[in-house]
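Hi everyone, thanks for coming. Let me put today's structure up on the screen, and then I'll walk you through it.

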Amino acid sequence: MPRLGARAAVTVALLIYANFFTHHYIGDYRWYLAACALGLYARTVVVFRPYDRDRRMPLLLAFVLIGFFIWLAENISTFYGIWKYPNQLGAWSIVHVGKWSSWSLLVIMTFTIIAGLKHIKSRIHVPE
């Protein structure tokens, strides 16, 4: 990431983190933050190799898919009673679809932290 892009990514990640704690008090800004992330990562592509050749995927699609599968796992877990939300105490109901966006934003924040740590690790000597 270029320096300006890295700063923007860190800023968006910090704002996502702050929104998780403050959305009950000052308003939920997740959609504005998602729009910022859309602008920031719109042209970013990840390259992965599942077998013998490289495959490409838009990074935003990866964020949304990871968020979806976490949301799906959350629904399966609440269905089997591993935990329950207050609205599920009488009978099971699907976890609100708004959680999907929260999980996707959490993935963006986590990606930014890991990318930053990998950048730091590449510049320092870590004894094995």
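This is a predicted model: local features need pLDDT of at least 70, side-chain atom pairs count only at pLDDT 80 or more; totals for chains, interfaces and linings use all residues.

Residues are numbered from 1 along each chain as its sequence is written, and side-chain values use heavy atoms, with hydrogens and water left out.

Okay, helices (DSSP runs of H or I, at least four residues, numbered from the N terminus). Helix α2, residues 30-41, packs against α4 at about 45°, and their axes (lines fitted to C-alpha atoms over the stretch in contact, with angles from 0 to 180 degrees between N-to-C directions) are 11 Å apart. So α2 and α4 are oblique to each other. Who touches whom (contact is heavy atoms within 4.5 Å)? From α2 we have Arg30, Trp31, Ala34, Ala37 and Tyr41, and the α4 side includes Leu105, Ile108 and Phe111.

Now the rings, which pair if their centres lie within 6.5 Å, with planes under 30 degrees apart stacked, over 60 edge-to-face and the rest tilted; for Trp that's the six-membered ring. There are 11 aromatic pairs here. Take Trp71 and Trp100: centres 6.0 Å apart, planes at 15°, so they're stacked. That pair ties together distant parts of the chain, α3 (residues 59-79) and α4 (residues 98-123), 29 residues apart.

How values were computed:
Helices (H or I, at least four residues) and strands (E, at least two) are DSSP runs, numbered from the N terminus. Angles under 35 degrees count as roughly parallel, over 145 as roughly antiparallel, 65 to 115 as roughly perpendicular and the rest as oblique. Contact means heavy atoms within 4.5 Å.
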